Amino acid sequence: MSTGVKRGHRDDLVDVAPAAKKARDPETAEQRVLEIIKSSGNKGVSDEDLIRACPVLTIEERVDVVNKLITSNAITLHKVKDTLRYKYKGPTTSTPGDANTEELVVFNLIRDSGRKGIWIRDVRIKSNLGLPRLKKILKSLETKKAIKAVKSVAASRKIVYMLFDLEPDSSITGGAWYSNQEFESEFIEILTKHSYKFLEAKKSKALKNTTIRSPLVKYNTSYATADRVLEFISKTGISKVRLTVEDIISILDLLVYDGLAAKRVNSEGKIEYRSTKTLLSRIAVSFLPCGSCPVIKRCSDANQLNCLNCKHMKIWTTI
C-alpha cells in the first residue's frame with residue numbers, strides 16, 4: 001500500500017512540471033493574466049493579486065506580460081486609493097453619450113494619445129478648431145469626466161489631455177521620483193540607503209557562509225540583481241508607489257556613481273550589483289598560507305593533507 005502512495009506522489013510531480021513550464025510560456029502567461037484581469041470586472045486587480053493568481057511567474061515575466069497588455073491597449077492602469085490596479089479595457093472605449101460632433105472629434109484625438117496624452121496645440125491642429133471653441137469643448141469634456149488635464153514634469157506650463165480614468169505615463173508624471181510635480185529627493189535617498197543596506201547584507205551573508213570555502217565563489221555570491229533588490233524594497237513597505245525594476249536599476253546606478261557599489265553582467269546577461277567594500281583586503285591576500293607553507297609539495301586532493309582540511313586556510317578565508 002505504501003508503494004502505491006509513493007508511486008502516485010511521483011506521478012503527481014511528473015505532471016506538475018510540464019504544467020508549470022506551460023504556464024510560464026509567454027503566450028500562455030499573457031492569456032492567463034488577461035483572463036484574470038477581465039474576470040475582475042470594474043474592480044480590477046493589483047500586482048499582489050497577480051502574484052497570488054500566477055505564482056509561477058517571475059517578476060520580470062509578470063512585468064513583461066503586463067507591459068505588453070498595456071501597450072496593446074488590452075488593459076489600462078488605474079490608481080485606486082494609492083494602489084495601482086489593472087482593468088480590462090475591452091474592444092472599444094465608451095464615448096460621452098451626449099457629445100456632439102466636435103466633442104467626439106476632440107475626444108477621439110485624446111483617446112488615441114493613450115497614457116502620454118496630447119497637447120492642446122496638437123489637438124487644435126488635428127481638429128482644425130479655433131482655440132476659443134476648443135477650450136470650451138475641453139472644458140465640457142472635463143466637466144463630464146470624460147477627459148482630464150495633467151501637468152507635465154518636463155515643462156511646468158505644459159498641460160496634456162488624456163482620458164479621465166487613465167494613469168499618466170511616467171514620462172508625464174516623472175514616475176516614482178515625483179509627487180504632485182515635486183521631485184522626491186528624500187524618497188530617493190531612503191531608497192538608496194535601503195538598497196545599499198541590502199547589498200551589504202548580501203555580501204556579509206556570502207562572507208560568513210561557512211559552507212563555501214572558495215573566496216572566489218563567496219565573491220560571486222555577494223552580487224545581487226535589481227530583481228532581488230526590488231523584492232526586498234517591496235517587502236519593507238517603504239514605498240507607497242509601485243516601483244519597477246527600471247526604477248531600482250536607476251537607484252543602484254546612483255550607488256555605482258557614488259562609488260558605493262559595483263556592477264557587472266553575469267553569464268545570463270543580467271546586470272548584478274554588490275557593495276564595493278572588498279570581501280578580502282590586500283593584507284589578507286598577502287597572508288595566503290600557501291605562499292609560506294613548508295609542506296606545500298605534499299598538499300594534494302589525493303592526500304590527507306589538502307587545502308580543504310587545512311586549518312590555516314580556514315582562518316585565511318574568514319579574514
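A residue counts as buried when its relative accessible area is under 20%. Tyr223, at 7%, is therefore buried. Keep that residue in mind as you look around this predicted model, since Tyr223 also has the charged end of Arg264 over its ring. The structure holds 2 aromatic pairs and 0 disulfides.

**The Phe198–Phe232 pair**

- Phe198 and Phe232 form a tilted aromatic pair, with 5.1 Å from centre to centre and 35° between the planes.
- This pair links distant parts of the chain, as its two members are 34 residues apart.
- Phe198 belongs to helix α9 (residues 185–208), while Phe232 belongs to helix α11 (residues 226–236).
- Phe198 is buried at 12% relative accessibility, whereas Phe232 is partly exposed at 23%.

**Around Tyr223**

- Tyr219 and Tyr223 make an edge-to-face pair, because their planes stand at 80° and the cut-off for that class is over 60 degrees.
- The ring centres of Tyr219 and Tyr223 lie 5.6 Å apart.

**Cysteines**

- With 0 disulfides in the structure, here is how two of the cysteines stand for accessibility.
- Cys54 is buried, at 7% relative accessibility.
- Cys299 is partly exposed, with a relative accessible area of 32%.

Note on methods: Residues numbered from 1 in each chain as written. Predicted model: local features only at pLDDT ≥ 70, side-chain atom pairs only at ≥ 80, totals over all residues. Heavy atoms only, no water. Phe/Tyr/Trp six-rings, centres within 6.5 Å; stacked < 30°, edge-to-face > 60°. Helix = DSSP H or I, 4+ residues; strand = E, 2+ residues; numbered from the N terminus. Buried < 20%, exposed > 50% of the residue type's maximum accessible area, 1.4 Å probe, protein only. Lys NZ or Arg CZ within 6 Å of the ring centre and 35° of its normal. Disulfide = S-S within 2.5 Å.
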